[in-house]
Amino acid sequence: MSATNFQLKLRQTQQLSQNMQQSLRVLQMSGIEIEREVEDWLADNPLLERKEQPENPYEPPRQTVDIAKRGISLDDDDSSAWENLAEEETLNAYLHKQVSEHPLSPTEAAHVHILIDFLDDRGYLTDSIADIIDHTPLEWMLSEEDMEIALENLQRFDPAGIATANLNQSLLHQLDRLPLSPARRCAAQIVMYHLEKLTPNQPKNINRLAKILPDFSDTVLKDALDMISSLNPYPSYGFASEEPTQYVRPDVIVEQGEHGWLVVGNDDAAPQIQINTELVEMLQDEEAIDPVWREKINSAKQKMDMLQQRKNTVIRVAEYIVERQQDFFFFGEIGLVPMLLKDCATHLGLAESTISRAVSNKYLFCPQGLFALRFFFSQNAISSENSDEAISANAIKSVIAQIVERENKQKPYSDCALHDLLQQQGIKIARRTVAKYREQLGIPTVQQRRQL
């Protein structure tokens, strides 16, 4: 092989590798990120242009992003709802930027970056460390000990309260950063044990708390309540928008058809572009195309292929979810079955890391509400020592939530009682796991739930 041919072959190989890396990067992007990426493409390449979109027959309600709960529809005339999309990733980017500002080793920094991508839109980390490891490629070789250290590091970042599991933990972390004082100690007591008792009426709150916390004066109680009211209910507050709730368009829509559940790609979830064929034809009519324009033509085609491949992969993953999670679409979260990323990857003939990118920051809308694609992949929880059957962690959480919702509010169930009730339903998990799931659901302790 001549030196010239070798150099040409090398450049082609390098270009192919770059295209593959960029394609994977595009696959992992959220709707916001891909919109910004396409804006850069349009500015850089005049051969690309936006495609005029026909009226979309699929108009899912605008939904809040909540992996654990159904979304809340907005009024149809709220035309400004989607404008909140523009800032959705601001907190995420802010945290990623901070990684380099902390004394972390390259490995520790990588682990923190992973956790940041698992935060929900409120800035909470509702997934357990075990679930996070289960949702990442095996070749990353993550351990629970390393990820626990990463969580401790991330919780030192700004804003205060970031990467906590729920409101109570977030408020406590925020209080820990304030100077020690009687008011702070009192505020911590209120947050830990009496937060659900608070009302908008501060004098009433003070009178009630004075009976429960007699060691603190009315002045300290007032200062403590003022301190709590100054905290952010969500760590993301002030980053995404003035409103704490974020809105997204689903990437795929699941609806019931004549022959079962159907998956439809939502074209509104990603920018639609096309090649300016008139300009390309003008260039190709010339006797010799400038190499720069030839590169622009090739680049435009590659960008189109990347977007189409991204859409196809997300739809294929959604179809796999629908095929495996039929009961969920009929009955809700209690019908969830265990499903692993690696099994999806094997079924689709793709790498597990590709599936991980495909479900990152992608959403599915169905009659049950709006859910992140990652929500459907969870760790197994064996329901019986002598059975191969299993139930997903999210399904168990759904059962716990239903039990608590229906309990006698004057005699709520303790974690031990919840554990026994789950055992009676054939769900064999440890009592500490019941407590962990309850905390992840944001359900207060039995003492806090009891209504006198």
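## Strands S7 and S8

In this predicted model, strand S7, which spans residues 363-366, is joined to S8 by four bridges, and the two strands run antiparallel.

S7 and S8 belong to an open sheet of four strands, arranged in the order S5-S4-S7-S8 with mixed pairing. At its edges are strand S5, covering residues 260-265, and strand S8, covering residues 369-372, each of which pairs on one side only. From one strand to the next, the twist averages 25°.

Helix H12, made up of residues 291-324, lies across strand S4 (252-257) and S5, and its direction makes an angle of about 165° with S5.

In soluble globular proteins, nonpolar side chains tend to be buried together. In the present model the largest nonpolar core has 45 residues, and those with the most contacts inside it are Val317, Phe329, Phe376, Phe377, Ile400 and Leu422. Apart from this core lies another, of 22 residues, which includes Leu95, Leu104, Leu142 and Phe157.

For Phe376, when residues up to four places away in sequence are not counted, the residues touched are Ile321, Gln325, Phe328, Phe329, Leu336, Met339, Leu364 and Phe371. Among these partners is Phe329, which is itself listed with Phe376 among the residues having the most contacts inside the largest core.

## Cys186 in helix H8

Cys186 is found in helix H8, which runs over residues 182-193. Its relative accessible area is 0%, and Cys186 is therefore classed as buried, the cut-off for that class being under 20%.

Leaving aside residues up to four places away in sequence, Cys186 touches Leu213, Phe216, Val220, Leu221 and Ala224. The separation between Cys186 and Asp223 is 37 residues in sequence, while in space the two are 8.9 Å apart, taken from C-alpha to C-alpha.

## Glu37 in helix H2

Glu37 lies in helix H2, formed by residues 31-44. With a relative accessible area of 12%, Glu37 is likewise classed as buried, because the class takes in values under 20%. Its contacts, again without residues up to four places away in sequence, are with Gln22, Arg25 and Met29.

Note on methods: Residues numbered from 1 in each chain as written. Predicted model: local features only at pLDDT ≥ 70, side-chain atom pairs only at ≥ 80, totals over all residues. Heavy atoms only, no water. Pairing = 2+ DSSP bridges. Axes fitted to C-alpha atoms, helices over the stretch in contact; angles between N-to-C directions. Contact = heavy atoms within 4.5 Å. Buried < 20%, exposed > 50% of the residue type's maximum accessible area, 1.4 Å probe, protein only. Core = buried A, V, L, I, M, F, W, Y, C linked by side-chain atoms within 4.5 Å.
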